[in-house]
Every structure is written in structure tokens, then in C-alpha cells.
Amino acid sequence: MGIIKVLLFTLLAVGVFLVFKKIRKVSDDKVVAKSFGNKMLGCCICETHIPEREAIMHRDKVYCSEAHLKQGLGEGE
Ligand SMILES: [Zn+2]
């Protein structure tokens, strides 16, 4: 008789695991969809257009790389 309880418990555990996995996948998909929103931003130093997720934002300005960020900061002050 004990084995039926073990089986039920195992099924329940697997079910809970699958539900959590599904929820997690859905939220991952949302994050991916957000980061792939093809918004392009222009670097304020060289005007190269780069995806928003790769851009470096500082004080409402956009930089394509750390080098241009430093250049921008140097010119700003
Ligand atoms: Zn640049």
C-alpha cells in the first residue's frame, strides 16, 4: 500500500516541477522578447547605430563603447 503513496507523491512532485519550469520559460521568453526589441540607438560620438541592449547609456546620452563613453565624459567636463 505504501508504494501507491510514493507514486502519488512522485507524480505530484513532477507535476509541480513541470509547472514551475513552464512558468520560468514563459518569463524567460518575455525577457528575450524585450531585449530583442530592435530599437537602435546612435552613439553620440561616432553616430554608429547599435542595438539598445548593447548601448551604454549615461546622462541621457548613448555611447557605442566604453572608449566613446570616456571620450564623451571628457568633452562634457
Ligand atoms: Zn561611438
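Q: Start with Ile45. Leaving aside neighbours within four places in sequence, which residues is Ile45 in contact with?
A: This is a predicted model, first of all. Beyond its sequence neighbours within four places, Ile45 is in contact with Tyr63, His68, Gln71 and Gly72.

Q: What separates the C-alpha atoms of Ile45 and Tyr63?
A: They are 7.0 Å apart, and the two residues are 18 residues apart along the chain.

Q: Where does Ile45 sit?
A: In the loop between strand E1 (40-42) and strand E2 (49-51).

Q: Why does Ile45 count as partly exposed?
A: Because Ile45 has 18 C-beta neighbours inside 10 Å. Buried would take 20 or more.

Q: OK, the core. Which residues make up the largest nonpolar core?
A: Five residues: Cys43, Ala55, Val62, Tyr63 and Cys64. In soluble globular proteins, nonpolar side chains tend to be buried together.

Q: And which residues does Cys43 contact, leaving aside those within four places in sequence?
A: Thr48, Ile50, Val62, Tyr63, Cys64 and His68.

Q: Where is Glu47, then? Is Glu47 buried or exposed?
A: Glu47 is in the loop between E1 and E2. Glu47 counts as exposed, because it has 9 C-beta neighbours inside 10 Å.

Q: What about the phi of Asp60?
A: Asp60 is not a glycine either, and its phi is positive at about 65°. Asp60 lies in the loop between strand E3 (56-58) and strand E4 (61-63). With 6 C-beta neighbours inside 10 Å, Asp60 counts as exposed.

Conventions
Residues are numbered from 1 along each chain as its sequence is written. This is a predicted model: local features need pLDDT of at least 70, side-chain atom pairs count only at pLDDT 80 or more; totals for chains, interfaces and linings use all residues. A nonpolar core is a set of buried Ala, Val, Leu, Ile, Met, Phe, Trp, Tyr and Cys residues joined through C-beta atoms within 7 Å. A residue is buried if 20 or more other C-beta atoms lie within 10 Å of its own, exposed if 12 or fewer, and partly exposed in between; C-beta atoms are placed from the backbone. Two residues are in contact if their C-beta atoms, placed from the backbone, lie within 7 Å. Helices (H or I, at least four residues) and strands (E, at least two) are DSSP runs, numbered from the N terminus.
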